[in-house]
Amino acid sequence: MYKPEEHNVICTVCPIGCRLTVIREEHEPDGYKVIGGVCKRGEKFGVKEVTDPTRTVTSTVAIEGGLLPRLPVRTEKDIPKHLNYELMKLISSVKLQAPVKIGEVVVANVFDTGVNVIATRSMRAVK
Amino acid sequence: MQQYEVVIVGGGPAGLAAAIEARKNGAQSVVVLERDRELGGILQQCIHHGFGLVVFNEELTGPEYAERFIDELMKLGIEYRLETMVLEVNADKTIRAISPNDGMIEIQAKAIVLNMGCRERTRGAIAIPGFRPAGVFSAGTAQRFVNMEGYMVGKRVVILGSGDIGLIMARRMALEGAKVLAVAEIMPYSGGLTRNIVQCLHDYDIPLYLSHTITEVRGKERVEGVTIAEVDENRKPMTGTEKHYDCDTLLLSVGLIPENELSRGAGIQLDPVTGGPIVNEAMETSVSGIFASGNVVHVHDLVDWVTEESRRAGAYAARYVQNKLVEDASVIASRPGDGIGYVVPHKVRPENLNDKLAIFMRVKEVFHDAKLVVKADGEVVYSRKKRHMAPGEMEIVQVDAQKLKDLKPAELLVSVEGGETVHV
Amino acid sequence: MRSGPYNHFTGSRMKRGEMYDVVIIGAGVIGCGIARELSRYNLSILILEKEGDVADGTTKANSAIVHAGFDAYHKTVNGQMNARGNPMYDRLAAELDFPFQRIGSLVLAFSEEELVSLRELIDNAHVLKIPGVEMLAPETVHAKHANLSQEVRGALWAPTGAICGPWEFAIALAENAVENGAELALNTQVTAIQKTDAGFRLSTAAGGSIESRVVVNAAGVYADIIHNMVAEPFFEINAKRGQYFLLDKSAGDIVDTVIFQAPTKAGKGVLVSPTVHGNIIVGPDAEYVEDREDLRTTGPQLDFVRQAARQSVPNIPFGMNITTFAGLRAESSTRDFIIGPAEDVPSFINAAGMKSPGLSAAPAVAEEVVKHVAVALGGELKERKDFNPHRRPAAHFAESSPEKQAELIATDPRFARIVCRCEYVTEAEVVDVIHRKVGARSVDGVKRRARPGGGRCQGGFCSPRVMEILARELGIDMGDVVKDGPGSYILTGRTKAVEGGN
Ligand SMILES: Cc1cc2nc3c(=O)[nH]c(=O)nc-3n(C[C@H](O)[C@H](O)[C@H](O)COP(=O)(O)OP(=O)(O)OC[C@H]3O[C@@H](n4cnc5c(N)ncnc54)[C@H](O)[C@@H]3O)c2cc1C
Ligand SMILES: Cc1cc2nc3c(=O)[nH]c(=O)nc-3n(C[C@H](O)[C@H](O)[C@H](O)COP(=O)(O)OP(=O)(O)OC[C@H]3O[C@@H](n4cnc5c(N)ncnc54)[C@H](O)[C@@H]3O)c2cc1C
Ligand code: SF4
């Protein structure tokens, strides 16, 4: 029996958290039909979550000479979800030296996504 | 004895916003007293994003959000003292604090804003049976170790409580290479945001067990395992539903309570439901001239509302110092009605309102398609249909101030009407 | 298992293989009390303890009551030792600076039958000469104690009932003994004892051996095992567990004296009492357990304690619980304390079967044991001229007046760094307890001495700071700081160093 491609997705755009079903449908403009949602934003989210799920990743890197041994960082924008662990590996070897300014690029253009990893706080140098 | 117009106790987001707003509203001498080595409060360890959507219309991490306010504080030249622990706040608005640099400090303030934040509930608060080994952490303590000190607290982890901090830590630990085995939640619904359930649990294939609790902790020296079991409608574990996990770590995310030692010491009346001070429209406590805002009043899930509330507290504190606050005005009591756990503020003097009265509240259950209604002595002054309300998400309503000034009611009653309660 | 910062504080003779006059096995309140009493004399003394700290056995988990002494029957050793031990506490507390308060105790009766048993207790008190014990009418009880049940039919009042800090007491005893020349070896488990011509040879789990003329057995729930290593078995110790709730300080004024329940056939009832730190302790139940390390709390027994306590104090606020814990009573098959030399091995002296009121009796037990040691060593012991009964007192910032606090900060700015926001413990105090003679080596060790983490947040806020200070003061990595015993590691490595994951 033919069964169309179908995905269950929980919408995270707003707190209602609609349970969406995203069904492959050639004739739809973006190739998918979304049911179970309450609004347009949810439909857009559903398709994106199925075709190109992305996330902002936040973590820390090592820093020397500052108040703390770790400096918090983030991806400036979303990166493809499957790169989460790759990114963690990538930044595990980073070691910065205080001072650092908020927004400073820690690693540029990770995995050629065009997205930078940036510092999310400033840290002064301390003796 | 040092003299200040406005003294801010605590330099987290609440204290920072209150200090800035007090200055902007004309208070000349303002000082922030912070016991930590830096400003920013709990935000410095909340390195995840999800802060600032309301205030800045963008998604920031905790430290980024904090730094914006710290920068503004510096620009305004507001005085702050670090490593300064306030030991005593008195009803006569004297403060006693200590610091390694300044020793014993005594201050006479004209107004005080309390912004000490909250603390986490512990294992004892929920009396989990079993051994008491190392490896049981509150989620916030674990967050500090991992995010600020750079140490892992475990390799195989079970989390009790599905509040946002627990969910955020599930993802954080998983990303750092730990195996997060399960999240157990005693209530039939999650205490955290849907978004966190998706991005912190689903993304990492971490199961969430609703209506489950921990029934045993094993391991004499270090945690060796835990047992979770399903609970009945009285939240008692049911035999035969146990699941055993081999793990070395148990994280607890079982709720926060306002830090109320100083409030209590000052003789401030507390609300037994929120655990924080009873406040009026000015965020003033039962002691005249002592204000409070942020998590020390009631636990917030969004820092943006902490900022909103604290700006008001700071502005009103400045007005108090300038004798611009109407003190002996008519007082409206605002109360929680059906479906509502608590409301803040508890008292309203309409004369002091600008154009709107913001009422913060939490509902008691998950509601779908219900109405949130505010009645002034029976007359509806606000009503809005809500698709979704949950205890984990604070609700805010804005009531027209003019209406209250006209009606001068004795009571404001906030309730949930109609709709269905949802059991997930 | 990783090795924590476990040192032996002393043990110089041990290293040189010399013979001690006395080796004491077990550093609970009994062993430490004996060591301190013996340290008045010109003797070489060594205390051996299998755990990483003193007071890590039953001494760290009990009701902390210094019983007035009316309860234990006058014809038993424990009755006599209790009656003698209680009045010795005032002086000890003054000399050794540990928390002790005479707050008196009440035994409640809820029926005619229970009133009868109270009268029997009063008779017992008279024989033992316990001062001030009297019967109170229900009106008197209710007038003075508003939170007690209306069902109370009468109560026994004993003004000399007291509370103390049991582990602080034991630590103080050990510290004072060491200051007076005794030696202490932690993480040193005795695994065998051999009789030799001159005395004994003790073997330890780590493979060492120690020689001693006299051995004192103060091994708590393991006392029968130690005894049977060298002497003919004649008693057995069974572990009887008791579970507790500890309520927050904000519940601290619910009762202001120790509240017992009249003993019945069903058992001794549970108590509700203030602690020396202003908390409320509720418990214990009584339940035999197989495993002598089984310190688990269990749902049903905690429920039992809740129910039983409500009979005395109906509105007891269990919502303010900050921790639950359990302790193990060393119940001897002889049903009494066993104090004195083994019949077949005269230089092997037992201080065994120290169930309740072992804590109350500890000072008297120590005096008794010293007499036996003297006999075993062949007569009079020679007093040291330089014995100092006083322990260097510690500064307690939280309990000091504002003026005193300012003074403390002026001498050491670390008094202005609050480590524990619940108990207002300062960095200076934490550093002090690490560097004292029997100093803290673990987070719980610091907690037992200075109380950070003893408050309502139970270490949530302060444990990272305590760990930082321990690491710095001991010169170790923070990752190697343990909670209590060697296997109780807290951190599992640095971030970004682990592989695998979800
Ligand atoms: C772990 C965690 C995760 C969170 N995640 C999110 C999120 O994802 N998104 C979001 O919007 N919100 C989040 N929140 C909520 C938000 O961060 C808090 O509501 C907000 O930080 C509260 O601000 P505050 O200033 O009231 O308290 P805090 O930030 O706790 O600040 C209180 C300050 O007072 C100081 N202080 C306390 N007592 C004294 C004293 N006696 N003397 C001097 N100083 C004192 C403390 O050191 C501290 O700096 C989270 C909260 C927590 C606890
Ligand atoms: C639930 C409960 C409530 C109580 N309440 C009270 C009360 O209110 N008042 C009162 O007076 N008494 C009370 N008691 C009794 C009191 O706590 C004990 O009598 C006292 O703590 C016993 O001290 P100890 O030194 O004999 O034992 P412990 O403190 O157990 O010390 C024995 C030590 O020996 C060590 N050891 C064992 N084997 C070896 C070995 N092979 N090698 C080296 N070291 C070894 C152990 O590690 C331990 O540290 C209570 C007891 C319990 C369990
Ligand atoms: S579909 Fe619309 S209403 Fe439903 S959760 Fe998504 S954004 Fe909210």
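Domain bounds here come from an automatic or database domain assignment. For chain C, this assignment gives domain 1 (1-100 + 164-236 + 333-393), domain 2 (105-159 + 238-332) and domain 3 (402-499). The model is a predicted one, in which local features need pLDDT of at least 70 and side-chain atom pairs count only at pLDDT 80 or more, while totals for chains, interfaces and linings use all residues. Residues are numbered from 1 along each chain as its sequence is written, chains are lettered from A and ligands numbered from 1 in the order in which they are written, and side-chain values use heavy atoms, with hydrogens and water left out.

Let us start inside chain C. The C-alpha centres of domain 1 of chain C and domain 3 of chain C are 28 Å apart. Their contact (heavy atoms within 4.5 Å) takes 24 residues from domain 1 of chain C and 22 residues from domain 3 of chain C. Between them, these two domains bury about 2,100 Å², where buried area is the accessible area (1.4 Å probe) that two parts lose on being put together, summed over both. Carbon and sulfur atoms account for 53% of that area. Six salt bridges cross the interface of domain 1 of chain C and domain 3 of chain C, each a side-chain nitrogen of Lys or Arg within 4 Å of a carboxyl oxygen of Asp or Glu. The side chains of R436(C) and E175(C) also form a salt bridge, at 2.6 Å from N to O.

Ligand 2 comes next. Around ligand 2 there are 37 residues (a heavy atom within 4 Å), and those that come nearest are E49(C), T59(C), I65(C), M354(C) and S360(C). For I65(C), a backbone N or O atom lies 2.7 Å from a nitrogen atom of ligand 2. Oxygen atoms of ligand 2 take part as well: one is 2.9 Å from a polar backbone atom of T58(C), and one lies 3.1 Å from a backbone N or O atom of L359(C). Each is a polar contact (a pair of N or O atoms within 3.5 Å; within protein, one must be able to donate a hydrogen and the other to accept it, and residues adjacent in sequence count only if both atoms are side-chain atoms).

Finally, chains A and B meet through 29 residues from chain A and 30 residues from chain B. The area buried between chain A and chain B is about 2,700 Å², with 56% from carbon and sulfur atoms. Four salt bridges are found across this interface, and E64(B) and R74(A) meet in a salt bridge at 2.8 Å, N to O.
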